[in-house]
Amino acid sequence: MATAGSPNGFELTISSTHARSVNDAQVAQAVAQYLSRVGIKASVDAMTRSIYFPKRAKREFSFAMGGWSSETGEASSFLQYWVSAFDKEHGLGTSNYGGYDNPAFDQVFKRALVTVDPAAREKLLQESLAIALADLPSIPLHFESSIWAYRKGLTYEGRADQYTLAMSAKPAK
């Protein structure tokens, strides 16, 4: 903490939802405990989503937790909203609440978004991720796993976005 310019630590509030994601308030409490070990006194303000999301949209939090699912299974969805610099015209950075802005990242990532060839797109997304991970604009904490149960005689393949669609259940072969 001394090297970072805060020899006596500091205080902050971790804002999170309560009962939106699996153990969301408990995860926030665990993060607060970890921060206390390095001299940051953290309190947790866990609230319902109806209160949390409007406040987060107005950027009223200094330290907020968020979650994201991927409809495609690739990194582009998260990077588009949470890591890209805010660009309303192109729908980029709309969840980038920390204001991260790295032109090198944006240049590579924007090329990835318009690349159709799967191998070339994957390479550009990997390059984008490497840039973002070097800067660490957000801190991945955990990955939720979903469990689906269904009766004998059916098959169902879980979706990366965790949506459960009845039309996706199929008769077993």
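Modeller: Among contacts in the protein chain between residues at least 6 apart in sequence, 47% join residues at least 24 apart. Contact here means heavy atoms within 4.5 Å. This is a predicted model, in which local features need pLDDT of at least 70 and side-chain atom pairs count only at pLDDT 80 or more, while totals for chains, interfaces and linings use all residues. Residues are numbered from 1 along each chain as its sequence is written, and side-chain values use heavy atoms, with hydrogens and water left out.

The protein chain has five helices and five strands. Both are DSSP runs numbered from the N terminus: helices are H or I with at least four residues, strands are E with at least two. The order from the N terminus is β-α-β-α-β-α-α-α-β-β.

Now go to helix α4, residues 103–113. Look at its start. A side-chain oxygen of Asn102 comes to within 2.9 Å of the backbone nitrogen of Ala104. A polar contact is a pair of N or O atoms within 3.5 Å; within protein, one must be able to donate a hydrogen and the other to accept it, and residues adjacent in sequence count only if both atoms are side-chain atoms.

Which residues of α4 are buried? They are Phe105, Asp106, Val108, Phe109 and Ala112. Buried means under 20% relative accessible area, exposed over 50%, and partly exposed in between, using a 1.4 Å probe and protein chains only. An α-helix has 3.6 residues a turn, so residues three or four places apart point the same way. The cover over the buried residues of α4 includes α3 (76–83) and α5 (118–135).

Take α5 next. The axes of α4 and α5 come within 8 Å and cross at roughly 160 degrees. Axes are lines fitted to C-alpha atoms, for helices over the stretch in contact, and angles run from 0 to 180 degrees between N-to-C directions. The two helices are therefore roughly antiparallel. Angles under 35 degrees count as roughly parallel, over 145 as roughly antiparallel, 65 to 115 as roughly perpendicular, and the rest as oblique. In this pair, Phe105, Val108 and Phe109 are among the α4 residues that meet α5. On the α5 side, the residues include Leu124, Leu125 and Ile131.

α3 also packs on α5. Their angle is about 40 degrees and their axes are 11 Å apart. α3 and α5 are therefore oblique to each other. Ser76, Leu79 and Val83 in α3 meet Arg121, Leu125, Ser128, Leu129 and Ala132 in α5.

Now the sheet. Three strands form an open sheet in the order β2-β1-β3, with parallel pairing. β2 (40–47) and β3 (63–64) are at the edges with a single partner strand each, so one side of each lacks a neighbour in the sheet. Two strands pair if DSSP finds at least two bridges between them. β1 (residues 10–17) and β3 pair over two bridges. Ile14 stands opposite Phe63 in β3. Helix α1 (residues 24–36) packs on the sheet and touches β1, β2 and β3; its direction makes about 165 degrees with that of β1. Helix α2 (residues 49–57) touches β1, β2 and β3 too, at about 120 degrees to β1.

One last stop is Ser16, in strand β1. Ser16 counts as buried because its relative accessibility is 0%. Beyond neighbours within four places in sequence, its contacts include Asp24, Val44, Tyr52 and Met65.
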